[in-house]
Amino acid sequence: MTDEERQRHIEERNARGAARKAERQEEKARLEQALASGQRICVDLAFSHLMLDQENKSMCKQLGYCWHANVRAAAPAHLVLTSMEGQMEEYMARQVSGYKNWKATVTPQPYIEHFADCQDKLVYLTADSENELQELDPDSIYIIGGIVDRNRHKQLCFNKAEEQGIAHARLPIGDYMRLASSTVMTTNHVFEIMLKWLELRDWKAAFEAVIPSRKRKQEDGDGEEQEGADDEQEQAEQQEQQQQQQQQQQQEPTEQPAEQQLQQQQQGAEEPAAKRQAVAEQA
Ligand SMILES: C[S@@+](CC[C@H](N)C(=O)[O-])C[C@H]1O[C@@H](n2cnc3c(N)ncnc32)[C@H](O)[C@@H]1O
């Protein structure tokens with residue numbers, strides 16, 4: 001390498017470093033602004049006891065995806081994690097230990113206590129609501145259920161909102177997109193759809209950006225609908241998860257040593273990106 005080439009290499013490296021630093025500073029400024037005055041989106045983490053071990057871990061990963069989406073978002077939200085305590089807190093500490101440094105509000109309190117003085121602003125998002133969201137109100141506080149249950153706990157969040165006397169609403173998915181199966185989305189997808197809406201103010205664009213193509217009904221050349229092309233992949237993933245759950249239930253009487261469990265969790269945290277995304281999509 002000539003002196004001239006070496007010099008150019010150093011200058012290019014310095015320029016890349018400076019660009020990365022500027023990007024991080026911009027992200028930091030956007031997130032601080034969001035904490036001060038951004039749209040409040042709360043994830044209700046009060047359901048750890050209703051989830052299996054794998055589902056709790058999947059929930060932790062989904063929270064990680066929410067956080068990374070928020071960091072990258074053009075218009076980040078003020079992320080609020082409520083009921084971060086007990087078992088859920090233990091899972092998070094093991095799976096996503098860096099969450100304590102997130103520019104988000106994290107509290108052991110349930111949302112109904114944390115927002116005690118503005119309960120009239122709470123809107124629980126649930127696919128079971130008859131109320132369809134038109135747009136996001138900057139004064140409202142939207143709550144997403146932090147649960148991975150393959151919808152076996154039917155109407156869980158709807159009933160919770162009704163019992164607490166707080167407003168509820170569903171995303172207007174059906175107005176913009178035909179889905180191959182149910183309109184129940186994962187926690188991180190709901191969060192990401194809302195981020196996209198905050199950026200674009202356009203539900204169709206937000207759904208198209210976030211909802212995986214295999215969840216959509218596709219039209220063939222004659223305009224006839226057919227199931228999403230890679231629906232089989234989703235079924236395979238469902239079967240895999242069911243098998244894991246069955247194996248786990250069979251193993252439960254003989255507990256693994258803590259060290260072995262931790263090692264497995266650490267291995268899980270290093271899964272390749274494609275597998276991570278598949279896990280997050282198992283609602
Ligand atoms: C996997 S779902 C949980 C399903 C759960 N059985 C229930 O009763 O809500 C995770 C969360 O995403 C939100 N969600 C999912 N699909 C939605 C939709 N179509 N409209 C509004 N919220 C939705 C809800 O807050 C829900 O609690």
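Begin by selecting the ligand, around which 22 residues are found, the closest being Leu125, Asp149, Asn151, Thr183 and Met185 (a residue counts as near if one of its heavy atoms lies within 4 Å). The model is a predicted one, in which local features need pLDDT of at least 70 and side-chain atom pairs count only at pLDDT 80 or more, while totals for chains, interfaces and linings use all residues. Residues are numbered from 1 along each chain as its sequence is written, and side-chain values use heavy atoms, with hydrogens and water left out.

Next, show the side chain of Asp149, where a polar atom lies 2.8 Å from a nitrogen atom of the ligand (a polar contact is a pair of N or O atoms within 3.5 Å). Then select Thr183, which has a backbone N or O atom 2.8 Å from a nitrogen atom of the ligand, and Leu156, which has a polar backbone atom 2.9 Å from an oxygen atom of the ligand.

Now display the whole shell around the ligand, to which strand 5 (141–145), helix 5 (156–164) and helix 7 (187–200) each give two or more residues (helices, H or I with at least four residues, and strands, E with at least two, are DSSP runs numbered from the N terminus).

Finally, turn to the aromatic rings, and select Trp67 and Trp102, a stacked pair with 5.3 Å centre to centre and 15° between the planes (rings of Phe, Tyr and Trp, the last by its six-membered ring, pair if their centres lie within 6.5 Å, and planes under 30 degrees apart count as stacked, over 60 as edge-to-face and the rest as tilted). Trp67 lies in helix 2 (residues 53–72) and Trp102 in the loop between helix 3 (86–95) and strand 3 (105–106), so the pair ties together parts that are 35 residues apart in sequence.

Technical notes
Polar contact = N/O pair within 3.5 Å; in protein donor to acceptor, adjacent residues only side chain to side chain.
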